[in-house]
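Me: I'm new to this one. Can you walk me through it?

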Amino acid sequence: MEEHRHVTIYDIAEKLNLATSTISRALKDHHTISDKTIKKVKQTAKEMGFVPNTLAAGLRGNTSKTIGILIPTITQPFLSSLISGIEITAQKSEYSVIIMQSHDSYEMEVNLAKSLYSNRVSGVICSLAMETKDTSHFKQFSNNNIPLVFVDRVPRDYDTFRVVINNYLAGYKATKHLIEQGCKRIAHLTAGSELGTLYNERKRGYIDALLEHELPIDEKLIIKLKEMNYEDGVKACNQLFDLKVRPDGLFTPGDILAVSAVQTAKKRGIKIPEEFAVIGFNDDPISKIIEPNISTITHPAEKMGKAAAELIIKNLKSVKEEDAKEITFLNTQVLVRESSKRI
């Protein structure tokens, strides 16, 4: 059986009796090559089934024209939309993407960062794992002038590009909405390490909204989750409902947690929203499917992905290195639905 062999520029050069350097320049529309020769070379390359080896070309230039995406998981709707935004922008500039999932593991994030660096990616877009408490594994990119952008889950202190929403304001808005619906004893589910800003800022917004409206801060009503999943949400809500004086409202940092709250409350015969009002975060599709529909905070995932990719590409094309900057989206909105609407 004949072994399959890729067509190279050497094969095209031999067929056309031209120098390989001429073939290479013609394929790149170089100005030193005539239009007639360029057309002839490209037509022959097409007929022979020639496919440019972009990886090899990238290695020669110490880059692969690939953007590495390092995220906790692709299963969350927010992160799926984020990836979509990155990919749309990358494709327009003829960049490909490679997606890696940390599954919220710090150890896996460290290993995957090494893998991206070994693959000579042109830039990296990362949303931190829940377990991450140290960011030294990202220094390999910064120290070698590989653009690095943190999105959504960003570290507190790292001098690089970041794309976020105003999580403090979003947390404040969500809690204020519950207060306006008459809730007096509002619980909050939080997550993440002290390194990150996302959940800490939403919690800070929650606390300030309570203080501003002279409502007490009860530590029993604030539960920190190990993971942002349905099962942990159910456990936390049962813990809240077992209190002698249970909460009458709940702000969760994700819609899947709001869903777990609604379903747990219904199983225990607690009326929503009359006895227990719930608001989530992200406006995931599930928030509109479950009964009652979940009130939530909008989160412009695709726009954030596009902004992150634009930062990478702009930095790669710029002669001088861009100053690290933060892009903050302020247009988060409260979407009031059945799970919290009392008034």
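Me: Where does the largest cavity lie, and why there?
Reply: Domain 2 (64-165 + 301-331) and domain 3 (167-299) both give residues to the lining of the largest cavity, so it lies between them. The domain bounds come from an automatic or database domain assignment.

Me: Before we go on, what kind of model is this?
Reply: This is a predicted model, where local features need pLDDT of at least 70, side-chain atom pairs count only at pLDDT 80 or more, and totals for chains, interfaces and linings use all residues. Residues are numbered from 1 along each chain as its sequence is written, and side-chain values use heavy atoms, with hydrogens and water left out.

Me: OK. How much space lies in the largest cavity?
Reply: About 120 Å³. A cavity here is a set of points, on a 1 Å grid over the protein atoms alone, where a 1.4 Å probe fits but cannot get out; lining residues have an atom within 4 Å of a point. The volume is the space filled by probe spheres set on the points, and grid points are joined across faces, edges and corners.

Me: Which residues are closest to its centre?
Reply: Out of 15 lining residues, those are Arg153, Gly192, Ser193, Gly196 and Tyr199. The lining divides into 8 nonpolar, 6 polar and 1 charged.

Me: New topic: how many residues has the largest nonpolar core?
Reply: It has 69, and Ile125, Val149 and Val163 have the most contacts inside it. A nonpolar core is a set of buried Ala, Val, Leu, Ile, Met, Phe, Trp, Tyr and Cys residues joined through side-chain atoms within 4.5 Å. Buried means under 20% relative accessible area, with exposed over 50% and partly exposed in between (1.4 Å probe, protein chains only).

Me: Which helix gives the most to this core?
Reply: Helix H13 (residues 301-317), with 8 residues. Helices (H or I, at least four residues) and strands (E, at least two) are DSSP runs, numbered from the N terminus.

Me: And Leu128, is that buried or exposed?
Reply: Leu128 is buried, because its relative accessible area is 4%. Leu128 lies in the loop between strand S3 (123-126) and helix H7 (139-142).

Me: What does Leu128 touch?
Reply: Not counting residues up to four places away in sequence, Leu128 touches several residues, including Pro72, Phe138, Arg153 and Leu195. Contact means heavy atoms within 4.5 Å.

Technical notes:
On a 1 Å grid over the protein atoms alone, a cavity is a set of points where a 1.4 Å probe fits but cannot get out, and a pocket is an open set with protein on both sides within 12 Å along at least five of seven lines; lining residues have an atom within 4 Å of a point. Ala, Val, Leu, Ile, Met, Phe, Trp, Tyr, Cys and Pro count as nonpolar, Asp, Glu, Lys and Arg as charged, and the others, Gly among them, as polar.
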